[in-house]
Structure formats: structure tokens, C-alpha cells
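Colleague: I would like to learn how to read a few features of a model. Please give the general idea each time, then the case at hand.

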Amino acid sequence: MEATNLFYRDPALYDLVQADSTSAAACRSLIERYAPEAASLIDFGCGTGRDIALLSEHYSCVGVDLQPAMVEHARLVRPGLDVRLGDMRTVRLQEYADVVVCLGNSLAYVHNNDGVSQVFDTFAAHVRPGGLLVLCSPVSPVLRKETMRAEITVPEGVAQVTITYVWDLRTQTNTMHRVWSLPSGIEVEDEIHRRVLFPLELERYASLAGFEIVTMEDETGGELVSSSAYTVARRTR
């Protein structure tokens, strides 16, 4: 992932592009609704710690991420956070929380079935019985055939970005290819490969790990209509 995703090479750019993200607020709202007594939280795939920086205003938080550059950046710009290096398929922190979260489509970077099962086992190993899992992940592919274009403000000016998507049904992988035209005149390409887990698949993986689905909601809080969704599950065993 580090070699293909520009954000993993430039965590500061990731923070800048994601500055208006609402994922922490959405996560907080779901926790308030389904576990208002929660006091502790572990975020797997925490990236630069952007979300737990906000969530730590309400909970005792630990963040875990696979990418050394992301962890180093989080520790540098958010020194008050507890951010640790680890692979969410195998890491065991030897501690429990009231809520485990996995936001920012982090689960989608695990592409094989065994790996997904391992991740759900990790979730179960770190949340107390009766505690919550809050997950944001792709539940359907982006099927746009036309090229998308966007302008993103970066410290040097405005970058032009073109984005195309490819869907591989056999592997359930959505590939996003981006070409960045930076203000310096340099052109950079990167690709992001995300595994799509459909709602019934998520329910199955959760059940096998000892969770019961509480709700699946669109990013807007309603019925599932977009490509990503929030899944909330409670650990029952």
C-alpha cells in the first residue's frame, strides 16, 4: 500500500485533504446512540490520528496503524495521542476497550478472506463483552466509467486531480487510479485497491467473530444507498 498510495508517502497531505472529514462525528453519534456509557476506544487503522484526536475529547483512545510514516506523523503533530504501530490482522494489545472502531475504509485494504477473518478476530480480542464495533467500509463498488476531476488545495497552491475507477468482480476489488498535477509542475500517479465486502458478507464475518449486527447505515445516516456504510455490531460472546 505504501508504494502506491500517495497519502502514505505524504501523511501531511492526507491530513490536509481529509480536514473536512465527518467520520469522527459520525462515529461519535453512533456510540452515543448504542453505547452512551462507553469510556474507552481503540481505533484500528487510525492513520495520522485525525479521528482519535477528536474522539479523545470524549473517550480514552488508543490508535493502531500499519504504516510507519502515518504513525510517525501522528506522534509528531499530535504528541498527546497514544498511537502504536501494528498490523490489525495480528496485533494483540493485551487490553480491552468499550468500543473498537475501524474507519476511513481501512478494512478494505485487506483483500483476502483469511485476512478479513483475522481482522474481525482482532476486533473481538480487544472489545469487552457487550461492547461495540463501529466500522466504516465499502459495501458496493464505485462503477463510474467517466473520468472525474477535482481541485485540491495543497500548501504550494492548487493541485489538479483526475480519478478513474475499475471494478474487478472476481476479486471484489475496486481500484481508484489518480493522476495528480501538482503546482510545481510535477505529475504523480497513484492507485488505491479496496476490497468491497457486501452487507451480508460483513454480517457473516462479524457473526463468526462473536458479534451481532445492530445497524448498517449509509454515510448520511439513512438506508444503504451509497458505496460506503457504517456498520455497528455488539460483541455477544
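Colleague: Is F44 buried or exposed?

Modeller: Some ground rules come before the answer. This is a predicted model, in which local features need pLDDT of at least 70, side-chain atom pairs count only at pLDDT 80 or more, and totals for chains, interfaces and linings use all residues. Residues are numbered from 1 along each chain as its sequence is written, and side-chain values use heavy atoms, with hydrogens and water left out. Buried means under 20% relative accessible area, exposed over 50%, and partly exposed in between, with a 1.4 Å probe and protein chains only. F44 has a relative accessible area of 0%, so F44 is buried.

Colleague: Which residue has its ring paired with that of F44?

Modeller: Rings of Phe, Tyr and Trp (its six-membered ring) pair if their centres lie within 6.5 Å; planes under 30 degrees apart count as stacked, over 60 as edge-to-face and the rest as tilted. The structure holds three aromatic pairs. In one of them F44 is joined with F123: the ring centres are 6.0 Å apart and the planes stand at 50 degrees, so this pair is tilted. F44 belongs to strand β1 (residues 40–44) and F123 to helix α6 (residues 113–126), so the pair links distant parts of the chain, 79 residues apart. As for the terms, helices (H or I, at least four residues) and strands (E, at least two) are DSSP runs, numbered from the N terminus. F123 is buried as well, at 0% relative accessibility.

Colleague: What kind of pair do F120 and Y205 form?

Modeller: F120 and Y205 are stacked, with 6.0 Å from centre to centre and 15 degrees between the planes. F120 sits in helix α6 and Y205 in helix α7 (residues 199–208), so this pair ties together parts that are 85 residues apart in sequence. Both F120 and Y205 are buried. F44, F120, F123 and Y205 form one aromatic cluster.

Colleague: How many disulfides are there?

Modeller: A disulfide is a pair of cysteine sulfur atoms within 2.5 Å. By this rule the count is zero. C102 is in no disulfide, and its nearest cysteine sulfur, that of C136, is 9.0 Å away. C136 is likewise in no disulfide, the sulfur of C102 being the nearest at 9.0 Å. C102 is buried, with a relative accessible area of 0%, and C136 is buried at 5%.

Colleague: How many cavities of 30 Å³ or more does a search of the whole structure find?

Modeller: Rolling a probe the size of a water molecule over the atoms shows where empty space is left. On a 1 Å grid over the protein atoms alone, a cavity is a set of points where a 1.4 Å probe fits but cannot get out, and a pocket is an open set with protein on both sides within 12 Å along at least five of seven lines; lining residues have an atom within 4 Å of a point. Grid points are joined across faces, edges and corners, and a volume is the space filled by probe spheres set on the points. The search finds one such cavity. The largest cavity has a volume of about 40 Å³, and its lining includes L107, R195 and L202.

Colleague: Which residues line the second largest pocket?

Modeller: Its lining consists of L6, D10, A12, L13, L16, V154, P155, E156, L182, P183, S184 and V188. The second largest pocket holds about 210 Å³ of space. Helix α2 (residues 11–17) gives the most to this lining, with three residues. By class, the lining has nine nonpolar, one polar and two charged residues. Here Ala, Val, Leu, Ile, Met, Phe, Trp, Tyr, Cys and Pro count as nonpolar, Asp, Glu, Lys and Arg as charged, and the others, Gly among them, as polar. At least three lining residues come from each of domain 1 (6–140 + 197–235) and domain 2 (148–194), with bounds from an automatic or database domain assignment.

Colleague: Where does N105 lie?

Modeller: N105 is in the loop between β4 (97–102) and α6. N105 has a positive phi of about 60 degrees, although it is not a glycine. N105 is buried, with a relative accessible area of 14%.
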